[in-house]
Amino acid sequence: MKITRLDLDDTGSPEGLITKILKAEPDLPIPVPVEELAQCFDITDIAVLTTEGYEGGLITDDCKSEGVILVNATARRGRRRFTIGHELGHFLIPTHRPAKSGQFLCSREDMRRWSAQENDAYARMEIEANRFSALLLMPPPKLRIAMGKFGEPDLAHITQLADHFDVSKEPAARAYATYHDQPIAIAVAKDGIVLRIYKQTKFPRIGVSYGAPVPRNSLFHYAANSGQKITDIRQNGAELWLESDWGKRLPTLYEQVFYQQEGFALIMLWVDADNDCDEEEIDDDEGRTSKERLRFRRDVHRR
Ligand SMILES: [Zn+2]
């Protein structure tokens, strides 16, 4: 790769930087060679971070003439790649300044920040570094191509995306929820508690807050002992997850669960906005799964 920091023109936003990188390296390989790219941008070394309680770090001088990225030694490959992207973001975004001179130190929580109060300058830097990393590892034009092959939402695609871009499942899930052309949201749960929810702006308002238990009648609970790692897609009560405006009918909601290690799970919520079609006709045909019914309904509409 021939790209250098000169190609970036002191661009200040994650989106602007990614645009410049893709312009200079239109044939950027996938998975993105993040370590090689860091070298092109004057990162002289990627070393082990020994400071307890942190996931990544960046050592650099005040004018950021060069830098060394530090990564938690126990991080698995996908997480390591995300951390390198995050620290590279701090290095390349001109306004990012460390709290302590010469060294950024970033925690696991920092790597999961996607929103902050307007006046929280520290959190805003972390968010920008995360956005940079996610965009770098899954560049939107490449993501659109990969997702264009998928069709209707299905959590099985998350594994394919994670493999394709060599990232962990959670950033893959976030990208999937954000870029899918269907109105979906993906909740991340651990031990039955909702930690985070990734969703598009067009997705209806969710009434379950972070730190709350997964709703009692969610598929998450009643498929837990089914032996399926990824469940079928099932229709469920929209009121479980969605906030309702008085007098307004809620859309039809579908759930799918992807059980993972250490008590983690991804729960996909998919709303069917045009739910006022002729359900009588379709419900005649029992024995179909909700997903099949939905497909059938869509086919009927297309005809
Ligand atoms: Zn950071």
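Colleague: Among contacts in the protein chain between residues at least 6 apart in sequence, what percentage join residues at least 24 apart?
Modeller: Happy to start there, keeping in mind that this is a predicted model. The chain's secondary structure comes to 10 helices and 9 strands. Among the contacts between residues at least 6 apart in sequence, the share that joins residues at least 24 apart is 57%.

Colleague: Leaving aside its neighbours within four places in sequence, what is isoleucine 186 in contact with?
Modeller: Ile186 is one of the residues with the most contacts inside the largest core. Setting aside neighbours within four places in sequence, its partners include Tyr176, Ala177, Arg196 and Tyr198. Also among them are Leu155, Ile158, Ala173, Ile197, Leu266, Ile267 and Met268.

Colleague: Which residues coordinate the zinc ion, and what is the site's geometry?
Modeller: The ion is held by His86 (NE2), His90 (NE2), Cys106 (SG) and Glu126 (OE), at 2.0 to 2.2 Å. Along the chain, these donors follow the spacing H-x3-H-x15-C-x19-E. The angles among the 4 donor atoms are 91 to 125°, and the site is tetrahedral.

Colleague: Which helices hold histidine 86 and glutamate 126, and how far apart in sequence are the parts they tie together?
Modeller: Histidine 86 lies in helix α3 (residues 77-92), while glutamate 126 lies in helix α4 (residues 121-137). The pair therefore ties together parts that are apart in sequence by 40 residues.

Colleague: Is histidine 86 buried or exposed, and is glutamate 126 buried or exposed?
Modeller: Buried means under 20% relative accessible area. Histidine 86 has a relative accessible area of 0%, and glutamate 126 has 1%. So histidine 86 is buried, and glutamate 126 also counts as buried.

Colleague: Where is arginine 81 placed, and is arginine 81 buried or exposed?
Modeller: Arginine 81 has its place in helix α3. Leaving aside neighbours within four places in sequence, its contacts include Pro31, Val34, Ser133 and Asp166. Its relative accessibility is 7%, so arginine 81 counts as buried.

Terms used: Residues numbered from 1 in each chain as written. Predicted model: local features only at pLDDT ≥ 70, side-chain atom pairs only at ≥ 80, totals over all residues. Heavy atoms only, no water. Core = buried A, V, L, I, M, F, W, Y, C linked by side-chain atoms within 4.5 Å. Buried < 20%, exposed > 50% of the residue type's maximum accessible area, 1.4 Å probe, protein only. Contact = heavy atoms within 4.5 Å. Donors = N, O, S within 2.8 Å, 3.2 Å for Na, K, Ca; no water. Tetrahedral: all angles 85-135°; square planar, octahedral: opposite > 155°, others 65-115°. Helix = DSSP H or I, 4+ residues; strand = E, 2+ residues; numbered from the N terminus.
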